[in-house]
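Please take a look at the model shown here.

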Amino acid sequence: MRVKKPDGEIVDLMTINIGPSHPATHGTLRVFAALDGETVAAAVGEMGYLHRGFEKMVEQGTYQMVLPFTDRLNYCSSMMNNIGFCKAAERMFGVELPERCVTLRVILLELSRMIDHLVCNGANLVDLGALTNFWYFFNPREQVYTIWERLCGARLTNTVTRIGGMYRDVYPGFEQEVLAVVTVIEDATTEVLGLIERNRIFIDRTRNVGTMDAAGAISAGWTGPCLRASGVDRDLRKDEPYYGYETYDFDTVIGTTGDTYDRVMVRMYEIRESAKIVRQAVARLKPGPLNCADARLSLPSRNQVYHDMEALINSFKLIYEGVRPPPGEMYDAIEAANGELGFLIVSDGGTNPYRIKVRPPCFTQWAAYPDMLTGSMVADVASSLGSINIIAGELDR
Amino acid sequence: MSAPIKPGLAADALLALLAPLGGVRDEADRWGLTVRVDRERLRQALTLLRDGADARFDQLLDVCGIDYLSYPDWRDPRFAVSYPLKSTVFRHRLTLKVLVEEDDVAVPSVHDLYASANWAERECWDQVGIVFQGHPNLKRLLNHHEFVGHPLRKDYPCQKRQKLSVNDPMIDQLTAKLIALGYQVLEAPVATAGLPLTTHGPIKETVS
């Protein structure tokens, strides 16, 4: 397309589709860009290629039936979605979870955060041509998936929680395996940091690339590591603590300029902070009940069901009808690996959710992304996309 | 910005802030704070919340459309739009809610107040069919641009299927963005995408 540039020069811009099926989009995302030589003059983005109608589907089933759908939001850290949804639903019921359940959820949350950051950074470095780091990161990640498999039978789509508790308790030796894998992940992080932190090629490719300033990130609704990379020290685990995060000793990691380098490094160092939390949580994991004792949520024991009419009815109603939150509507969020994962739940008092709106953290990041590309090089399209960690599963729902 | 978060306003103080604009507490939200305002006051209320010295709700997290068509004993207007807000300065949250009548499904756009509203409003239009007046580019977001209807309305059948064939050329959006950046488009751009699939042969009817 022939245009007159702001400086008066007349040039032919080349329009090009990057995606939806492009190796560097790691999913189905489309960028339509106008190129002036190798420079992106302007770009627009499109999404929806992975839209499955999550919010329509969940209205057709019960509240517990929402959980397998949440696995498919951010599939790199499914457990965080499980826990995020359960936390929102439990808040509507107003139940207190047992200590063991809360501590176990913290372990699963932080391990999920670690593997999510491993995938994001590993894949982002591949986009920059640094394949080795990918292998350094994917082996420990695989070990975490082995733990997931032993814990709940599934690797990726875990459905590990239930509203009011967990699917089941951990297996013998879980704590040791978690502590071992945390060390392995920390070692991998140290190794990869050694390869990139002072690497001239990496720094040249990421410094002042895809920059987002603090004011822009706030207005664009950014949360999580991407917002912190822009120098805004906001983390729901510190600001609005849940699950006792205020009692754990950890730091938030913040960047200064909000470029790709900062976003990669914030994730790198957050892996170490998460490792600290996991160690503390494992030390706190004490035997005890796992599910809350609320009859509205948890099944009675088999022994009770066989000998007590009320318990039998309770069990029957929970299985055939499901749980019924009180009518009303509410927004609740957790700090997921990508940022604030929110659920706005509207309940009519029935067994099916009346409306669930997911607030996926990468939605706002993807919305701001095309504008970040203006004036950057084509090669940086991939590297800045990797650093904002767009997961099509939660983006398109 | 790296200062620790400050304690926010209590619910009463936030309600008092919005009271001059006719804000009333929505009793449906018994867990957090949801305030209903008239849509005529929406932009005023959001501006006040964003810029107020002790409010500073500088992040619009989402724009969420709700259809109350089949909600039991519902007497209010059929649609609502909720705006969950939070602050990066103070530890408080608030959800602003606007009720919308079925025969005039329109709400003023707030894309100029919060950058995040631009795409969130597009999603809300796509899914629930709320028209955001003054939106610069109110196109569908999650659904295909040929899609008919709004799937999250309660009268949209869950199992309904639609045949969609031509992808979005997006050249109109790209041209608009170039013009906004100061370029002068001299030659009508050629669509590099958006060719109907029929040019590659007839669409095969699928039997289901």
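This report goes from the contact between the chains to a helix pair, a sheet and a few single residues. Keep in mind that the model is predicted.

**Where the chains meet**

Start with the contact between chains A and B. On one side, 54 residues of chain A take part, and they touch 49 residues of chain B. The side of chain A that touches chain B has 23 nonpolar, 13 polar and 18 charged residues.

Strands also pair across this contact. Strand β1 of chain A (residues 2-4) pairs with strand β11 of chain B (residues 184-185). The two run in the antiparallel sense, and two bridges join them. Take Val3(A): its bridge partner in β11(B) is Val185(B).

Chain B itself has 208 residues, and 38% of them are buried. Its secondary structure consists of four helices and 11 strands. Now count the contacts in chain B with a separation of 6 or more: 53% of them come from residues 24 or more positions apart.

**Two helices side by side**

Two packed helices are described by the angle between their axes and the distance between the axes. In chain A, helix α5 (residues 131-152) packs on helix α6 (residues 174-196). Their angle is about 170°, and their axes are 9 Å apart. An angle over 145 degrees counts as roughly antiparallel, so α5(A) and α6(A) are roughly antiparallel to each other. Their crossing is left-handed.

Which residues meet in this contact? From α5(A) come Tyr136(A), Phe137(A), Val144(A) and Ile147(A), among others. From α6(A), the list includes Val181(A), Ile185(A), Ala188(A) and Leu195(A). By class, the residues of the contact of α5(A) with α6(A) are 15 nonpolar, three polar and two charged.

Strands of a sheet pair through backbone hydrogen bonds, either parallel or antiparallel. Chain A has an open sheet of three strands, in the order β8-β9-β10, with antiparallel pairing. Each of β8(A) (328-336) and β10(A) (355-359) stands at an edge with a single partner strand, so one side of each has no neighbour in the sheet. From one strand to the next, the twist averages 15°.

Now follow the chain through the sheet. A hairpin of two residues joins β8(A) to β9(A). Strand β9(A) covers residues 339-347 and pairs with β8(A) over nine bridges. Five bridges join β9(A) to β10(A).

How many residues of β9(A) are buried? Nine of its nine residues are, and the strand is mostly covered.

Here are some of the facing residues in this sheet.

| Residue | Opposite residue | Strand of opposite residue |
|---|---|---|
| Ile345(A) | Ile356(A) | β10(A) |

**A buried residue and an enclosed helix**

Met166(A) lies in strand β7 of chain A (residues 165-166). Is Met166(A) buried or exposed? It has 23 C-beta neighbours inside 10 Å, so Met166(A) counts as buried. Look beyond its neighbours within four places in sequence, and Met166(A) is in contact with residues including Cys101(A), Leu104(A) and Leu290(A). Glu329(A) is 163 residues from Met166(A) along the chain, and their C-alpha atoms are separated by 24 Å.

Helix α15 of chain A (residues 378-387) is largely enclosed by the rest of the structure, because eight of its 10 residues are buried. Among the buried ones are Val381(A), Ala382(A) and Leu385(A). After α15(A) comes Asn389(A), whose phi is positive, near 50°.

Thr159(A) is not a glycine, yet its phi is positive, about 45°. It sits in the loop between α5 and β6 (161-162) of chain A. With 19 C-beta neighbours inside 10 Å, Thr159(A) counts as partly exposed.

Tyr243(A) is not a glycine either, and its positive phi is about 50°. Find Tyr243(A) in the loop between α10 (236-239) and α11 (260-284) of chain A. Tyr243(A) has 19 C-beta neighbours inside 10 Å, so it counts as partly exposed.

Conventions: Residues numbered from 1 in each chain as written. Chains lettered and ligands numbered in written order. Predicted model: local features only at pLDDT ≥ 70, side-chain atom pairs only at ≥ 80, totals over all residues. Contact = placed C-beta atoms within 7 Å. Nonpolar A, V, L, I, M, F, W, Y, C, P; charged D, E, K, R; others polar. Pairing = 2+ DSSP bridges. Buried ≥ 20, exposed ≤ 12 C-beta atoms within 10 Å, placed from the backbone. Axes fitted to C-alpha atoms, helices over the stretch in contact; angles between N-to-C directions. Parallel < 35°, antiparallel > 145°, perpendicular 65-115°, else oblique. Left-handed = near helix turned anticlockwise from the far one by under 90°.
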